[in-house]
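This report covers a single protein chain, from its overall dimensions to individual residues. The sequence and structure come first.

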Amino acid sequence: MPEILSDAQIASYRETGYLVLERHLPETVLAEIRAEISRFETEARGMTASNDRLDLEDTHTPDRPRLRRIKLPHKISDVARELMFSDLILAPARDLIGPDLRLHTTKLNMKSAGYGAAVEWHQDYAFYPHTNDDILAIGVIIDDMESENGPLKVYPGSHRGPVHDHHVNGVFAGAFIPEEVGLNPSDAVELKGPAGSISIHHGRIIHGSALNTSERSRRILFYEMMAADAFPIVGSMTKWDGIEDYDTRMLCGEPTLQPRLKDIPIRIPQPQPDVPISIYEIQKGLKKRAFDTCK
């Protein structure tokens, strides 16, 4: 029996590739996350370049710190780590992809009021192909998310379609233009919801988000995970330091040495551009963009 999701919700996820659970987190948890964000914003003051903890907006200056991402928050924030192991996050994931879950990565994407950077259309699976696609991302919605502040947008059902080419001139660029593969922009759906909601999207669904030009922030804490029997394919951007390290990333259940294979036509995200490993920097290799860029 499902732990938290209804049969209808599970069926909807299978069909569309996404879910939004409104007001899923208590306000106390949101307050703790916001306090952590303030801590990292203070840390960014005086910085002149991104580092292994904080990814800076192109418009950042040392005296006016602007963050676009907190990297691997589960490693540098007790609040983010404790939430990651809670049933608030793991119960819906277990309902969708099974009891044995392994962490892929975490990130806290910051779209601050007036300048938060866009993320071009892409599929997560193009960055990290695995032996099967029981892969999803759970996004903790930290601020009320509406059309004007750059919500996550998805193409419903695209997780059941192809993995599109994310290369430009033979180099991985981490995105593509939906119209060029026959998609209609009017078919995209915004994943909106009040603060404390969570969004869940499939690893193969096509998604992106526009520049935040509103007067309100739009921040999301992402936990990306997969079934334990989904193993990375050589050439993937998934970190691999051996099976012992890989098994330390188990979130719940039991690890395995038996990958489950699914017939999914894929491309390897190689060669990589000579830029910092950041979706924002990789996507600068695009010749054409779907969203406006930060001024």
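## Burial and basis of the model

Of the 295 residues of the protein chain, 56% count as buried, where buried means under 20% relative accessible area, exposed over 50% and partly exposed in between (1.4 Å probe, protein chains only). This is a predicted model, in which local features need pLDDT of at least 70 and side-chain atom pairs count only at pLDDT 80 or more, while totals for chains, interfaces and linings use all residues. Residues are numbered from 1 along each chain as its sequence is written, and side-chain values use heavy atoms, with hydrogens and water left out.

## Overall architecture

The protein chain has eight helices and 14 strands; these are DSSP runs numbered from the N terminus, with helices being H or I of at least four residues and strands E of at least two. Its radius of gyration is 18 Å, close to the 19 Å that the globule rule gives for 295 residues, so the chain is as compact as a globular protein of that length. The radius is taken over C-alpha atoms, and the rule is 2.2 Å times the number of residues to the power 0.38. Along the principal axes, the C-alpha atoms fill a box of roughly 50 × 45 × 40 Å.

Contact means heavy atoms within 4.5 Å. Among contacts between residues at least 6 apart in sequence, 83% join residues at least 24 apart.

## Surface and charge

The accessible surface comes to about 13,000 Å², and 51% of it belongs to carbon and sulfur atoms. Areas come from the Shrake-Rupley method with a 1.4 Å probe; for residues, only the protein chains shown count as cover.

The chain carries 34 positive and 44 negative charges, whose mean positions are 4 Å apart. Lys and Arg count as positive, Asp and Glu as negative, and His and the chain ends are not counted. Each charge is placed at NZ of Lys, CZ of Arg, CG of Asp or CD of Glu.

## Aromatic pairs

There are five aromatic pairs, defined as rings of Phe, Tyr and Trp (its six-membered ring) with centres within 6.5 Å; planes under 30 degrees apart count as stacked, over 60 as edge-to-face and the rest as tilted. The ring centres of Phe-231 and Tyr-246 are 5.8 Å apart and their planes stand at 50°, so this pair is tilted. Phe-231 lies in the loop between strand E13 (218-227) and helix H7 (243-247), and Tyr-246 is in helix H7, 15 residues apart. Phe-231 is buried at 10% relative accessible area, and Tyr-246 is buried at 0%.

Ring pairs also link Trp-121, Tyr-155 and Phe-291 into a cluster. Tyr-155 sits in the loop between strand E7 (153-154) and strand E8 (167-168) and is buried, at 4% relative accessibility. Leaving aside neighbours within four places in sequence, its contacts include Trp-121, Pro-178, Leu-183 and Ile-206. Gly-208 is 53 residues from Tyr-155 in sequence and 9.4 Å away in space, C-alpha to C-alpha.

## Backbone exceptions

Most residues other than glycine have a negative phi, and most peptide bonds are trans. Arg-23, in the loop between strand E1 (18-21) and helix H2 (27-44), has a positive phi near 50° and is exposed at 60% relative accessibility. Leu-72 has a positive phi of about 45°; it lies in the loop between strand E3 (67-71) and helix H3 (73-76) and is partly exposed, at 30%.

The peptide bond from Gln-270 to Pro-271 is cis, with omega near -10°. Pro-271 belongs to the loop between strand E14 (250-252) and helix H8 (279-282).
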